[in-house]
Amino acid sequence: MSQAAAIETSRAEALGRRTRRAARGRSVSAALLVAPLLVFVLVSFAAPIGAMLLRGVEDPEVGPVLPRTLAALERWDGTDLPDEATFAALVEDLRAARAAGTLPVAASRLNHDIAGLRTTLVASARRLAAPFEGSAREAVLRADPAWGQVETWGAIVRARGPWTDFFLLAALDLRRDATGRIGPVPEDQAIFRTVFFRTFWIAAMVTAITLAAGYPLAALIALARPSVSAVLLFLVLLPFWTSLLVRTAAWMVLLAREGVVNHALIALGLFGAPKQLLFNRFAVVIAMVHILLPFMVLPLYAVMRQIPPIHLRAAASLGAPPLAAFWRVWLPQTLPGIGAGCLMVFIQALGFYVTPALLGGGADQMLPYFIGFYANQTVNWGLAAALSLLLLVATLGIVGLYGRLVGFSAVRTA
Amino acid sequence: MRRSFLATAAATLLFAAAPASARDLTIVSWGGAYQDAQREVYFRPFSQATGIRFVEDSWDGGIGVLRTRIQSGNNTWDLVQVESEELLLGCEEGLFEKLDYARIGGRDHYLPEAVHDCGVGTILYNFVLAWDRAKFQGTPTWADFWNVERYPGKRGLRRGVKLNLEFALLADGVPPNQVYATLRTEAGVERAFRMLDRLKPHIVWWQSSAQAPQILGSGEVLMTSAPNGRITNANRTERRNFGIQWAGSLYTIDSWVIMKGSPNREQAYRFLAFAANPAVQAKLIPLIPYGGTAKGANDGLPPELLEVSPTNPANLAVSLMIDDQFWLDNLDRLSQRFNAWLAR
């Protein structure tokens with residue numbers, strides 16, 4: 001290697017180093033700029049949601065409160081009542097828990113499994129606090145006959161923690177019996193499979209209707225003169241500046257028994273008497289379509305605007321009738337917009353809570369309503385978390401499926 | 001008696017931020033219009049009469065809140081208004097002081113239902129059958145509520161299992177004092193659900209208390225179950241002409257408790273003694289129609305107030321107290337069943 005070449009190489013290396021250093025500096029500063037947002041997302045979004053979802057598979061309440069009972073139940077096969085030693089362990093545990101004030105939380109957890117167990121635990125602890133003579137088994141059965149049920153002990157074993165599939169199974173209308181076999185819950189308690197199906201069905205219906213309504217609208221905006229399209233676009237965006245709750249309440253006013261729609265239909269002579277338009281599936285779907293329509297129109301419009309108008313003219317000049325030109329030239333180019341719009345609408349529709357709660361009847365409630373119900377009404381956070389987890393998994397599954405079928409690069413162009 | 005979260009938050013900001021010395025007596029209630037009324041009727045007059053300073057806070061209920069305060073040793077609340085379920089649970093868990101009734105007028109001073117070892121009732125309120133007099137003449141009963149053949153029209157009920165099973169049994173002719181005994185049997189629950197089944201296609205479900213007078217006023221339903229306060233309030237402020245059927249209504253009581261280990265026990269007792277005065281309690285009714293729990297709280301009320309007072313002896317005699325023990329045990333199971341039933 002000549003000297004000149006060596007100098008050239010070392011210069012090139014120095015340049016490369018400088019470039020790399022500069023690039024590193026830029027990426028460090030970029031990382032620093034993003035850091036607050038990243039920390040914010042982690043702290044305020046990922047961590048709490050993660051912690052909440054974890055509750056769907058955790059079972060921390062009963063284990064620390066009834067340790068001796070659970071140790072004694074290790075040997076139990078779940079077919080008959082446990083032995084005298086287990087009853088004695090229960091008495092010790094109940095006394096200790098009552099003294100430490102830790103019983104109520106464990107008792108509430110067991111009540112989620114079998115009605116009345118909360119009272120059984122608290123009342124038994126009170127009655128067994130005083131010393132007694134003779135067999136622990138008899139004393140416990142005297143304190144509360146529920147201890148004579150195999151299922152009572154099964155519930156304690158199911159709640160031993162620290163991890164559990166109890167809530168996840170419950171969210172799928174399944175449960176384990178005292179021997180650990182998985183089976184369906186009684187028919188009058190089964191609900192969640194229906195609710196899952198209904199949630200996805202409503203979301204699909206809303207997506208299909210917004211597509212049918214949004215596609216021509218987006219095409220109109222994309223093909224109109226700029227001044228007209230600006231006005232139309234503004235009208236599409238307008239609802240974004242009104243809260244979802246207000247728009248839902250507006251539908252309540254419109255669809256009420258003595259509301260605008262009913263009055264108009266009677267004035268037109270279509271009905272003789274006012275019809276009930278609220279508190280049914282129709283009201284839920286129409287309000288959801290209204291709320292979600294912009295999320296369909298905007299990606300469609302973004303894609304359609306990029307299609308050169310010359311394509312349609314070229315198709316026409318080559319002899320394609322309008323329908324064929326649309327079908328073979330225009331539509332295929334809008335597919336990424338359709339994909340993006342449907343994905344956005346569908347996923348948002350899955351999470352609708354307020355609109356079905358206010359406009360729907362008993363059989364129109366979607367999964368988020370039940371998540372709210374178990375979190376707030378019966379304070380069964382495990383079940384609420386398990387339902388959330390299943391909804392999240394199902395949603396991610398759909399996004400993944402979309403990625404496989406359509407690809408995310410198509411969404412990016414939208 | 002839970003208030004809107006916003007009202008609660010606003011009241012908390014306003015009054016929790018007020019300066020407190022070593023620690024003034026802290027009184028905690030439900031916030032909103034109710035706590036405003038309490039301030040007029042109880043808090044300020046008490047402070048003026050005794051010179052005892054107080055601060056206010058408000059909360060949304062939930063035994064977990066109280067449990068955390070006691071267990072963390074960080075409790076800054078002295079007197080708290082609780083619902084009957086929290087009274088029951090908190091007393092069992094030892095979160096409240098046992099009350100010395102000799103200091104607050106004795107047990108006989110109050111309605112028997114309002115007396116509890118750990119708390120003394122302060123208001124009594126009902127879930128009633130309400131209807132619009134403009135659209136329905138006469139006074140419907142729960143049996144009429146279920147009779148859609150005779151009185152066609154939708155019916156409003158709260159979306160939830162509590163209250164509705166009771167109303168269903170009352171409509172089916174179960175005497176009030178037998179309702180919970182019946183519900184404690186499997187057959188009784190069956191019977192209540194069968195009644196609900198019959199009415200199901202005609203039911204409009206309401207969720208928040210404010211919705212009940214709203215669906216009644218908008219003509220969405222012919223009759224509805226509703227909290228009595230909301231109905232009287234709609235009559236007063238929106239000039240409605242809603243009727244209240246007290247017979248077969250269900251009532252519950254909110255109580256004052258003194259938090260365990262409160263350093264302001266003395267002041268708290270003096271407040272409870274002040275609040276026990278029936279003449280003081282009677283002043284709440286014109287502001288908000290919840291019944292006072294001291295005997296005589298309804299004496300001398302004019303007829304239009306007596307009519308809407310839940311503790312008017314004539315109204316109370318035909319009402320049934322909600323059995324909290326039953327719901328503590330069975331809410332999980334029956335909610336699940338109700339939700340499944342509703343989803344079908």
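Helix 4 of chain A is mostly covered, with ten of its eleven residues buried. The model is a predicted one. Its cover includes helix 3 (84–100), helix 5 and helix 7 (150–158) of chain A, together with helix 4 and helix 16 (324–343) of chain B. Chain A has 19 helices and two strands, while chain B has 16 helices and eleven strands.

**Helix 4 of chain A**

- The buried residues of this helix are A:Leu103, A:Pro104, A:Ala106, A:Ala107, A:Ser108, A:Arg109, A:Leu110, A:Asn111, A:His112 and A:Asp113.
- The axes of helix 4 and helix 5 of chain A cross at roughly 145° and come within 7 Å.
- On the helix 4 side of chain A, that contact uses A:Leu103, A:Ala106, A:Ala107, A:Ser108, A:Leu110, A:Asn111 and A:Asp113.
- Helix 5 of chain A answers with A:Leu117, A:Arg118, A:Leu121, A:Val122 and A:Ala125.
- By class, the residues of this helix 4–helix 5 contact in chain A are eight nonpolar, two polar and two charged.

**Contact between the chains**

- Chain A gives 28 residues to the contact, and chain B gives 25 residues.
- On the chain A side, the elements that supply two or more residues are helix 4 (103–113), helix 5 (117–127) and helix 9 of chain A.
- The side of chain A that touches chain B holds eleven nonpolar, 13 polar and four charged residues.
- Helix 4 and helix 16 of chain B are among the elements that cover the buried residues of helix 4 of chain A.

**Chain A: overall form**

- The domain assignment of chain A gives domain 1 (1–54), domain 2 (67–188) and domain 3 (192–412).
- The C-alpha centres of domain 1 and domain 3 of chain A lie 40 Å apart.
- Chain A has a radius of gyration of 31 Å, whereas a compact globule of 414 residues would have one near 22 Å.
- Its C-alpha trace spans about 100 × 100 × 35 Å along the principal axes.
- Of the 414 residues of chain A, 34% count as buried.
- Among contacts in chain A between residues at least 6 apart in sequence, 69% join residues at least 24 apart.

**Chain A: a loop residue**

- A:Ala320 sits in the loop between helix 14 (310–317) and helix 15 (322–350) of chain A.
- A:Ala320 has 16 other C-beta atoms within 10 Å, so it is partly exposed.
- Neighbours within four places in sequence aside, A:Ala320 is in contact with A:Ala315 and A:Ala325.

**Chain A: confidence**

- The mean pLDDT of chain A is 90, and 97% of its residues reach 70 or more.
- Confidence in chain A is lowest in helix 19 (residues 408–412), at a mean of 58.
- Confidence in chain A is highest in helix 9 (residues 192–223), at 95.
- Where pLDDT is low, the predicted coordinates should not be read in detail.

**Chain B: overall form**

- Chain B has 16 helices and eleven strands.
- The radius of gyration of chain B is 20 Å, close to the 20 Å of the globule rule for 344 residues, so chain B is as compact as a globular protein of that length.
- Along its principal axes, the C-alpha trace of chain B spans about 65 × 40 × 40 Å.
- Of the 344 residues of chain B, 50% count as buried.
- Among contacts in chain B between residues at least 6 apart in sequence, 72% join residues at least 24 apart.

- The domain assignment of chain B gives domain 1 (5–124 + 252–317) and domain 2 (127–251 + 321–343).
- The C-alpha centres of these two domains of chain B lie 28 Å apart.
- Twelve residues of domain 1 of chain B are in contact with nine residues of domain 2 of chain B.
- Helix 4 (residues 84–92) of chain B gives the largest share of the domain 1 side of this contact, three residues.
- That side of domain 1 of chain B has seven nonpolar, three polar and two charged residues.
- In helix 4 of chain B, the buried residues are B:Ser84, B:Glu86, B:Leu87, B:Leu89, B:Gly90 and B:Glu92.

Methods:
Residues are numbered from 1 along each chain as its sequence is written. Chains are lettered from A and ligands numbered from 1 in the order in which they are written. This is a predicted model: local features need pLDDT of at least 70, side-chain atom pairs count only at pLDDT 80 or more; totals for chains, interfaces and linings use all residues. Domain bounds come from an automatic or database domain assignment. Two residues are in contact if their C-beta atoms, placed from the backbone, lie within 7 Å. Helices (H or I, at least four residues) and strands (E, at least two) are DSSP runs, numbered from the N terminus. Ala, Val, Leu, Ile, Met, Phe, Trp, Tyr, Cys and Pro count as nonpolar, Asp, Glu, Lys and Arg as charged, and the others, Gly among them, as polar. The radius of gyration is taken over C-alpha atoms; the globule rule is 2.2 Å times the number of residues to the power 0.38. A residue is buried if 20 or more other C-beta atoms lie within 10 Å of its own, exposed if 12 or fewer, and partly exposed in between; C-beta atoms are placed from the backbone. pLDDT is the predictor's confidence in each residue, from 0 to 100. Axes are lines fitted to C-alpha atoms, for helices over the stretch in contact, and angles run from 0 to 180 degrees between N-to-C directions.
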